[in-house]
Amino acid sequence: MTSDPIHIIGGGLAGSEASWQIASAGIPVVLHEMRPVRGTEAHKTDGLAELVCSNSFRSDDAQANAVGLLHAEMRLANSLIMACADANQVPAGGALAVDRDGFSQAVTAKLEAHPLITIEREELGGLPPEAWDQVIVATGPLTAPGLASAIQTETGADALAFFDAIAPIVHYDTIDMNKAWFQSRYDKVGPGGTGKDYINCPMDKDQYYAFVQALIDGGKTEFKDWEGTPYFDGCLPIEVMAERGVETLRHGPMKPMGLTNAHDPLTKAYAVVQLRQDNALGTLYNMVGFQTKLKHAEQVRIFRMIPGLENADFARLGGLHRNTYLNSPTLLDHSLQLKSRPGLRFAGQITGCEGYVESSAIGLLAGRFAAAERQGETPSVPPYTTAFGALLGHITGGHIVSDDEPGKRSFQPMNVNFGLFPPVEAPKTAGKRLRGKDKIVAKRHAITSRAIADCREWLGLPPLPVVEEVAEAAE
């Protein structure tokens with residue numbers, strides 16, 4: 001074992017958390033943060049872990065919400081980000097929201113005070129020197145151009161995306177299959193397919209016209225001044241296509257040709273919304289061609305107008321925005337290490353996760369993996385039954401590679417959600433099977449109980465009585 005430091009590039013949420021985890025293991029860290037030497041279009045201060053958008057870490061419910069479960073696992077793992085969030089909490093109902101200035105100041109103070117952490121305020125214009133044998137790049141969605149270019153050179157021209165065009169993703173078990181059906185267009189069997197690779201939701205003419213009008217009238221999110229408008233014809237928002245003419249969508253992503261309604265074969269749909277399997281588990285389906293700038297609440301309202309999706313639960317809502325991220329499943333191993341350069345890891349949003357908590361969690365894992373290697377150990381990957389493992393699995397290989405959307409577009413950033421976890425059977429009550437919402441709630445409680453137990457075991461913590469597992473972890 002060597003006493004050489006581990007270098008971390010980027011002092012955001014992921015970089016701060018990685019630094020803390022490594023230093024807590026007794027290993028020196030050099031944290032390189034380019035602010036204030038070079039600012040970004042989004043940051044306002046030179047504080048570490050600055051929150052540039054919302055001040056919310058979302059739900060803190062560890063029993064029924066996937067991000068709340070991730071909160072609980074991070075607390076079990078001695079997370080700096082969660083400790084500072086808890087210490088700077090402001091009222092937000094069931095969510096964990098923070099005083100953004102107090103939170104950043106607390107993280108900065110903790111890192112500055114740690115005897116094993118050195119903070120260097122400098123911009124690195126390229127990849128770190130080979131002499132740095134252990135490095136974590138945690139530069140987020142606003143990676144400086146010089147470093148982004150160097151990463152692109154190292155990984156390949158198509159390995160780095162510079163904006164997201166993401167369609168909503170639906171939990172499969174909330175789709176009404178009494179209205180929708182499985183079928184590929186013209187029953188075409190593609191590589192690895194069956195001819196029934198899409199879920200199809202039909203619309204008659206009146207439903208279609210009402211849907212198009214709702215898209216046109218729906219509230220939109222504007223691009224930030226520094227994002228520009230990255231539209232191109234192969235990736236237009238669904239509402240922009242609707243504005244080009246009422247028939248545009250049914251000759252584009254909603255065309256009904258080659259599809260026969262399995263529930264009503266003699267009635268031809270006027271338009272069809274298709275959903276395609278999005279993860280290897282088959283628990284998530286994305287809405288094909290439905291990238292959008294509609295506000296989130298509007299997406300839920302309007303997309304639930306689609307027959308079969310009236311009660312849809314969305315694992316992710318759509319959007320278009322600037323975001324630098326890697327095609328991680330092809331580039332990174334399961335310990336977040338670049339396959340082409342051992343010792344160089346990536347963490348946070350640049351790996352293809354969304355959200356403050358998710359970025360912090362991936363920083364936590366990268367820090368632990370790097371620390372293990374520095375200590376001469378093999379990094380221990382968290383079980384995929386945990387929130388840590390489910391999120392890591394999505395980043396490093398849980399996606400579906402699509403023949404018609406090759407390369408980086410087959411992998412897109414996502415928040416943690418229950419669709420990323422291995423499924424469980426809903427427990428029975430008094431010997432009877434649960435149905436509807438009761439079944440969904442029971443399955444989520446089973447997932448979270450299993451996750452906390454498995455996370456405690458992975459962390460080397462003693463098990464808790466089953467009835468106390470989630471409740472104590474959330475405290």
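1. Helix H2 (residues 66-76) and helix H10 (residues 356-374) have axes that come within 10 Å and cross at roughly 35°. Here helices are DSSP runs of H or I with at least four residues, strands are runs of E with at least two, and both are numbered from the N terminus. Axes are lines fitted to C-alpha atoms, for helices over the stretch in contact, with angles from 0 to 180 degrees between N-to-C directions. Val67, Leu70, His71 and Met74 of H2 make the contact with Val357, Glu358, Ser360, Ala361 and Leu364 of H10 (heavy atoms within 4.5 Å).

2. This is a predicted model, in which local features need pLDDT of at least 70, side-chain atom pairs count only at pLDDT 80 or more, and totals for chains, interfaces and linings use all residues. Residues are numbered from 1 along each chain as its sequence is written, and side-chain values use heavy atoms, leaving out hydrogens and water.

3. In helix H6, Tyr208, Phe211, Val212, Ala214 and Leu215 are buried (under 20% relative accessible area; exposed is over 50%, partly exposed in between, with a 1.4 Å probe and protein chains only). These buried residues fall within an arc of 160° seen down the axis of H6, so they line one face of the helix; the arc is taken from the directions from the helix axis to the C-beta atoms. Asp206 and Asp217 are exposed on the other side of H6.

4. Ala49 has a positive phi, near 55°, and is buried at 0% relative accessibility. Asn78 has a positive phi near 60°, lies in the loop between H2 and helix H3 (80-87), and is partly exposed at 44%.
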